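Have the sequence and the 3D view open as you read.

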Amino acid sequence: MKVGVLALQGAVSEHIRSIELAGAEGVAVKHSEQLEELDGLIIPGGESTTIGKLMRKYGFIEAIRAFSAQGKPVFGTCAGLIVMAKEIEGEEEAHLGLMDMKVSRNAFGRQRESFETDLDVKGLQEPLRAVFIRAPLITEVGENVDILSTYNDEIVAARQGNLLVSSFHPELTDDYSLHTYFTEMIKTTQAAVQ
Ligand SMILES: NC(=O)CC[C@H](N)C(=O)O
């Protein structure tokens, strides 16, 4: 199984390490043509405005939409979550606009820049060590979105079919269980296609 990590900006190598611990081959993705050989894609954290601009410049917007439309799984963390949202509070334009949710940027940052906590995540056996860095919050979700985790009653992880998002960074600890969850999503879609 080959999982790409969008390598335009942000925490790329850490995601490659975590997805390889979960048993997949991790590929740094710099050109949209590379998507053709992938089974799943991770969009990392970083700065969503920058990632959005670079995605437009290098033809990733249409390419990732087409990738997702084939049913292939996409996992966005932190800034990656923001670029996947249909709506971003205070901004006129979304980026990929894939997932039926509204997000608020830097929502936790107003309280605390960054922090770590143990989170219960639906579908994971053990609490997950989660690192929040100027993290966004999901403030509204559509009815097709399954809420996987909350922190202080705020939504911090969710899934909609082949789309997975977390407002925290699951790649910055040794716990790769959310990456394993993503590889399981890929296996399920592959089984459904065959
Ligand atoms: N760690 C992160 O990815 C931070 C996201 C960043 N605050 C943004 O709004 O794009």
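This is a predicted model: local features need pLDDT of at least 70, side-chain atom pairs count only at pLDDT 80 or more; totals for chains, interfaces and linings use all residues.

Residue numbers start from 1 along each chain as its sequence is written.

**The annotated active site**

UniProt, in an unreviewed entry, puts the feature "active site" at Cys78, His169 and Glu171. They are spread over 94 residues of sequence, yet they cluster in space, with a largest C-alpha distance of 10.9 Å. The UniProt positions follow the numbering used here, feature names are shortened, and annotations may be inferred rather than shown by experiment.

Start with Cys78, in the loop between strand 4 (74-77) and helix 4 (79-84). Its phi is near 55°, a positive value in a residue other than glycine. Worth a second look, then: most residues other than glycine have a negative phi.

For burial, count the other C-beta atoms within 10 Å of a residue's own, with C-beta atoms placed from the backbone: 20 or more is buried, 12 or fewer is exposed, and anything in between is partly exposed. Contacts use C-beta atoms too, again placed from the backbone, and call for two of them to lie within 7 Å. Leaving aside neighbours within four places in sequence, Cys78 is in contact with Gly45, Ile133, Ala135, Pro136, Ser167, Phe168 and His169.

His169 lies in the loop between strand 12 (163-166) and helix 5 (177-193). Not counting residues up to four places away in sequence, His169 touches Ala11, Gly45, Thr77, Cys78, Val131 and Ile133.

**The ligand and its surroundings**

Which residues surround the ligand? They are Gly45, Gly46, Glu47, Ser48, Cys78, Ala79, Ile82, Arg105, Asn106, Ile133 and Arg134. To make this list, a residue's C-beta atom, placed from the backbone, has to lie within 6 Å of the molecule. By class, the shell has four nonpolar, four polar and three charged residues. Here Ala, Val, Leu, Ile, Met, Phe, Trp, Tyr, Cys and Pro count as nonpolar, Asp, Glu, Lys and Arg as charged, and the others, Gly among them, as polar.

UniProt also lists a "binding site" (unreviewed entry) at Gly46, Glu47, Ser48, Arg105, Ile133 and Arg134. These residues span 89 residues of sequence but cluster in space, the largest C-alpha distance being 12.9 Å.

Arg105 is in the loop between strand 6 (99-104) and strand 7 (114-119); beyond its neighbours within four places in sequence, Arg105 contacts Ser48, Ile82, Ile88 and Pro136.

| Residue | Other C-beta atoms within 10 Å | Class |
|---|---|---|
| Cys78 | 29 | buried |
| His169 | 25 | buried |
| Arg105 | 21 | buried |
| Ile133 | 18 | partly exposed |
| Asp153 | 5 | exposed |

**Back to the hairpin**

Strand 10 (residues 146-151) and strand 11 (residues 154-160) pair in the antiparallel sense over five bridges; pairing needs DSSP to find at least two bridges between the strands. Ser149 stands opposite Ala157 in strand 11. The two strands form a hairpin with two residues between them, and Asn152 in the turn has a positive phi of about 50°. Asp153 has a positive phi as well, near 65°.

In helix 1 (residues 12-21), Val12, His15, Ile16, Ser18 and Ile19 are buried. They cover an arc of only 165° around the axis, which puts them on the same side of helix 1. The arc is taken over the directions from the helix axis to the C-beta atoms. Just after helix 1, Gly23 takes a positive phi of about 100°.

In helix 3 (residues 60-69), the buried residues are Phe60, Ile64 and Phe67. Seen down the axis, they fall within an arc of 55°, so they line one face of helix 3. They pack against strand 3 (40-43), helix 2 (48-57) and strand 4. The face turned away from this buried side carries the exposed residues Glu62 and Ala69. Gly71 follows helix 3, with a positive phi near 90°.

Notes. Helices (H or I, at least four residues) and strands (E, at least two) are DSSP runs, numbered from the N terminus. Two residues are in contact if their C-beta atoms, placed from the backbone, lie within 7 Å.
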